[in-house]
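Me: I have a model open and would like to go through some of its details with you. Could we take it topic by topic?

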Amino acid sequence: MTNPSILSSLPQNLAASISAIEVYAERILRDKLDPHFTDHSINHSNRIIAILNHLLFSNRKEAYLSNDEKYVLLAACYLHDIGMQNEISTGNSAERRDQHHMISSQMIKQAWRDIGILDAYVDIIANVVEGHRGIIDDKFKTVLLGTCQAIRCDLLAALLQLGDELDISHERVDIVKKKYLCQNAESDLHFYKHYYTLGVGITERQELSIAFRFPVSRSDQYFDFFNQIVLGKIKKAIESLAGILSVKNGIYLLINDENIVFNETDTVESIPAEEFEAIVNASLGVRHFRSFNRINFQRMVGDINSELFFNGNVRWEDIVNGLDIPRSNNQEFKDKLQSAYSFSSENQTASLLLITGEGGAGKTTFLKRMAYNIYNEHEYADFANLLSYEYETDLDLFELNTIYNATQKPIILFIDGINIEYVCNVIRDSINSPTPPTIPIVYILSAREAEWANANGGNLQFGYKDKVELGKLSPPEIIALISQLEKHGQLHDLKDLPDKERYARFAVKADRQLLVAMFEATRSDNFEKIILSEYNNIKKHCYQAAIAYEYISLFYIYGVRIPKKLLMKLVRCVDEDDFQQIVLEHTHLIIVPDSFEYGIQFYRPRHKTIAESLLTQLEDYSTPLKQFKQATMIMSIINPFDKTERYVIHNFVKNYISSLLPRSKEEYEDRIFEVRELIKKNEERLKEIIFCAQSERQLPEIFIWSKISTKLGLFYFHNYCLLTIISIDQYNKDANYAYAKQLLRKQTNQRDYDGIYKHFQNSFKGRNRRIPFLFDFLKFSVRNEYYDHLEELFLAIDNSYSSTSEEEELRIQMMGIIEGYKNERNRVAFADKISTLSGHVEITKNMNANTLFEYIDTVFTGNIQNKISEYEEYLELFKSRPKSLLLSVARLASRSNTDMQKAIDYFDEVFVKYIRPNSQADDYKILIEYAEIAIRSSKVRKEKIYELLRYAIKLHPSDLRSYEMFSSHALKNNEKELAMHVSQDGIDVAKKTDRFQIPLCKKLIDINKRAS
């Protein structure tokens, strides 16, 4: 019998029982009932015990388990697979494999005396054994023995589950026996992932280490494939168990790519080419893809629920069951998809086909019908991957590449957008990625026309893009829809009318969206009244159900689904039975289950249009700000240790801020100010949430909060998030880069520069090779004489890929700097000596006026006066005296008290030459900037300052900043009447634009009182 360290302190009675259990388990597991399965013998149990021993010791948890917990865990390790040998329970080997954890648990309860288990522990061991597969939920509670010794069943089940997952070495399979077994591609996949894994370990730094072994001729190909398979499953297991292991118990297992290695050897066999291709294809069916689903209509038959469908909840099953109607756009879509598909296939690139229409126009139904048609007609399905994107996660380009590389078939990706702003940003990031996928992919996206425009979707850079617009119902569509409603008993008020009157009723409503027309035609009332009446009826019978309806609708219009546990807390349900009886029975057509992920059920309302219609009619939700206030109220009740509940908060805040972007600048700033104040009130709670995300190593979640805090102007909280990420991952490329740029924004000394350089350096070590980063790193290094990584930087820039014209322009600048450095040879001389105009003509001729300032600012390190002289020389190269260069010189001069007059002269040149009555918002900012410098200098006549500020008010009459500056300066010059009039104008504007409570308005009120 093995004697690992975690057994060393067991009392004699427990140790004797473990010996008996091991003997029993060895006898039961000796001869495999299913020879084609991997090893589940006593050796497998002992390897799990050894793995858990390493895990506990690497986490300094040698004494963390009590003797009773050690006993239960070891017994469970030996007995967890005995159900694999029970042919009586089920004769089907696949079924036995899926249910063996429950069968093992039953066998323990039935035969515990024969096994040698001490009677006080029988139910506990059976429970832990059952938990070695599947979700570890609330039934795995802490149990108190008669001795009052606590046994943490959830912890023990999580340890067993993780240890079982980590036993993936070659010792579990036999290559000789395999040759005599009939196995399919999926079985071969599981066999070879073990066969090529030499060993798994856990380092003293709590890091997983894996060693693979591959045949010499196929090592790179096999490593790319099997490393994804093995690590993907382990990562999923660690993520699902993080709440129990790391958050509650401080037991971590980290993954460091440096610890994943492989050896090349001739002692292992290769997989025949055809067999390997079949294995790769099989892997796509069993692999867990984080950001999208592979559409398989064979699994989507389901039950028909026509009432749910015609009330606005569209499932894939409804399309398979034929509940929808043919649309007049079907052929148009087919033709345009063929064009998009051909373009992507020929050019190995991405294209876009947009389905537009108002809310409730039938976009979701149409999108799913088109996917089903493609699948059924085999026009694309034989050679294309049909995928559905779950956009709550980031679009994983690596996964898309994996699908394409495995199948060599183009991808058609269907995206049904709720928060289109977020979806557009995800797609934009994928297109503008330093390594965008060079694969044939067609994005098919549904969106409202206005939302698409506000999200700047038209600016997405696709080689080919087109759209299909769903309009009002046509006569054939009306007839088909009435027929479907009649067939499925959903005519309601139309039921007793003749055909002509039914058609007439629909025809009157057909200029509205499909969903709205259907509601109004079949229920003889206004759509909004129908929805409000539905809500009031629910509220009358069950107040809790109405509250659930409100919250579900609120979060869904911002693209967020609510997990069941959180919804139960919001409506104060005691347990799931209470939730079912009180809430779901009253809202079974209103609140629908959306998805089931990581053992958690999520809910949403049946349609976004219905949710929006309801909220606008409820006083507490009638404006975006009220909606935000209602949503932030739940921050106090969420469980910060539950990532699904944290997901609700951070995604809501992120999507709410995105929804404000289409608004005017002043309204956006007001709303951001209000959001910032609400967030600041919950700052301590947010730090708890960040701490829990940190404990679970949820870096993407912390990044979301860092981006949110940047948009809100909470830079101290932004820094807190970035430092939290860096504390977890020292070389995190994104966090180090963002933090370095943040430090550069404030006044720094030489010691600070050393810290900034360290963060740039760590980002570079973290494999950051994006053009903007390389540019900033090079600029900082040359400017401040840090040369340690210069040669590596040159090589990285030379080999970098520019995904946009702007990035390519940056790259050209950097290559020019590099050439200058190489020609100069002496590093210090390079930074100081190239200060003459003649030395740069060849470099600058490749640059336009807008990029020259960045270049000059990079290579010149002299004092401000010398720099100004250099800039003025460069300015003379451009006869047109571009606005951007004039501003650059003006702003530089404004930093020096001795050159303030020069700054004013250049600002005045910009004012006279470029600013007109129809100028844009940027020109308003220039006027304000000019006025501030003019006031600061005390050399500009007050009449000139008044002229600037009057012009600013004319350009942007709704912004309070110009009123405040004007009235404040007038009061300073003792022109009280002028100050009073201007401040009153500003106050009147604030009242009209609902900005009466913001700080600038309060300043205006104070000036007005002082002036009067």
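Me: Which residue lies over the face of Phe519, and at what distance from the ring centre?
Reply: Arg523 lies over that face, at 4.7 Å from the ring centre of Phe519. Please keep in mind that the model is predicted.

Me: And what lies over the face of Tyr64?
Reply: That is Arg152, which is placed 4.4 Å from the ring centre of Tyr64.

Me: Let us step back. How many helices and strands does the protein chain have?
Reply: The protein chain has 47 helices and 14 strands. It comprises 1012 residues, of which 55% count as buried.

Me: What share of the contacts joins residues at least 24 apart?
Reply: The share is 71%, taken among contacts in the protein chain between residues at least 6 apart in sequence.

Me: Back to rings. How many aromatic pairs are there?
Reply: The structure holds 49 aromatic pairs. In one of them, the ring centres of Phe212 and Phe223 are 6.0 Å apart and the planes stand at 80°, so this pair is edge-to-face.

Me: Which parts does that pair tie together?
Reply: Phe212 belongs to strand 4 (residues 207-215) and Phe223 to helix 9 (residues 219-249), so the pair connects parts that are 11 residues apart in sequence. Both Phe212 and Phe223 are buried.

Me: What is the geometry of Phe760 and Phe780?
Reply: Phe760 and Phe780 form a tilted aromatic pair, with 5.3 Å from centre to centre and 35° between the planes. Phe760 sits in helix 33 (residues 750-765) and Phe780 in helix 34 (residues 771-783), so the pair ties together parts 20 residues apart in sequence.

Me: Are those two buried or exposed?
Reply: Phe760 is buried, and Phe780 is buried as well.

Me: Which residues are linked into a cluster by ring pairs?
Reply: The cluster includes Phe191, Tyr192, Tyr195 and Tyr196, together with Phe212, Phe214, Tyr222 and Phe223. Phe225, Phe226, Phe262 and Phe276 also belong to the cluster.

Me: Now helices. At what angle do helix 22 and helix 26 cross?
Reply: The axes of helix 22 (residues 543-556) and helix 26 (residues 624-632) cross at roughly 115° and come within 11 Å. The crossing of helix 22 and helix 26 is left-handed.

Me: Which residues make the contact?
Reply: Helix 22 contributes Tyr551, Leu554 and Phe555, while helix 26 contributes Gln627, Gln630 and Ala631.

Me: What about helix 1: how many residues does it have, and how far does it reach?
Reply: Helix 1 (residues 12-29) has 18 residues and reaches 26 Å from its first C-alpha to its last, close to the 26 Å expected at 1.5 Å a residue.

Me: Which of its residues are buried, and what covers them?
Reply: The buried residues of helix 1 are Leu14, Ser17, Ile18, Ile21, Glu22, Tyr24, Ala25 and Leu29. Their cover includes helix 2 (42-58), helix 3 (67-79) and helix 4 (93-115).

Me: Switching to the backbone: what is phi of Arg60?
Reply: Phi of Arg60 is near 55°, a positive value in a residue other than glycine. Arg60 is in the loop between helix 2 and helix 3, and counts as exposed at 57% relative accessibility.

Me: And where does His492 lie?
Reply: His492 is in the loop between helix 18 (475-487) and helix 19 (499-509). Although His492 is not a glycine, its phi is positive, at about 55°. With a relative accessible area of 37%, His492 is partly exposed.

Me: Last one. Where is Asp257, and is it buried or exposed?
Reply: Asp257 lies in strand 5 (residues 254-265) and counts as exposed, at 58% relative accessibility. The C-alpha atoms of Asp257 and Glu207 are separated by 9.7 Å, although these residues are 50 residues apart along the chain.

Note on methods:
Residues are numbered from 1 along each chain as its sequence is written. This is a predicted model: local features need pLDDT of at least 70, side-chain atom pairs count only at pLDDT 80 or more; totals for chains, interfaces and linings use all residues. Side-chain values use heavy atoms; hydrogens and water are left out. Helices (H or I, at least four residues) and strands (E, at least two) are DSSP runs, numbered from the N terminus. The expected span of a helix is 1.5 Å times one less than its number of residues. Buried means under 20% relative accessible area, exposed over 50%, partly exposed in between (1.4 Å probe, protein chains only). Contact means heavy atoms within 4.5 Å. Rings of Phe, Tyr and Trp (its six-membered ring) pair if their centres lie within 6.5 Å; planes under 30 degrees apart count as stacked, over 60 as edge-to-face and the rest as tilted. A charge sits over a ring if NZ of Lys or CZ of Arg is within 6 Å of the ring centre and within 35 degrees of the ring normal. Axes are lines fitted to C-alpha atoms, for helices over the stretch in contact, and angles run from 0 to 180 degrees between N-to-C directions. A crossing is left-handed if the near helix is turned anticlockwise from the far one by less than a right angle, and right-handed if clockwise.
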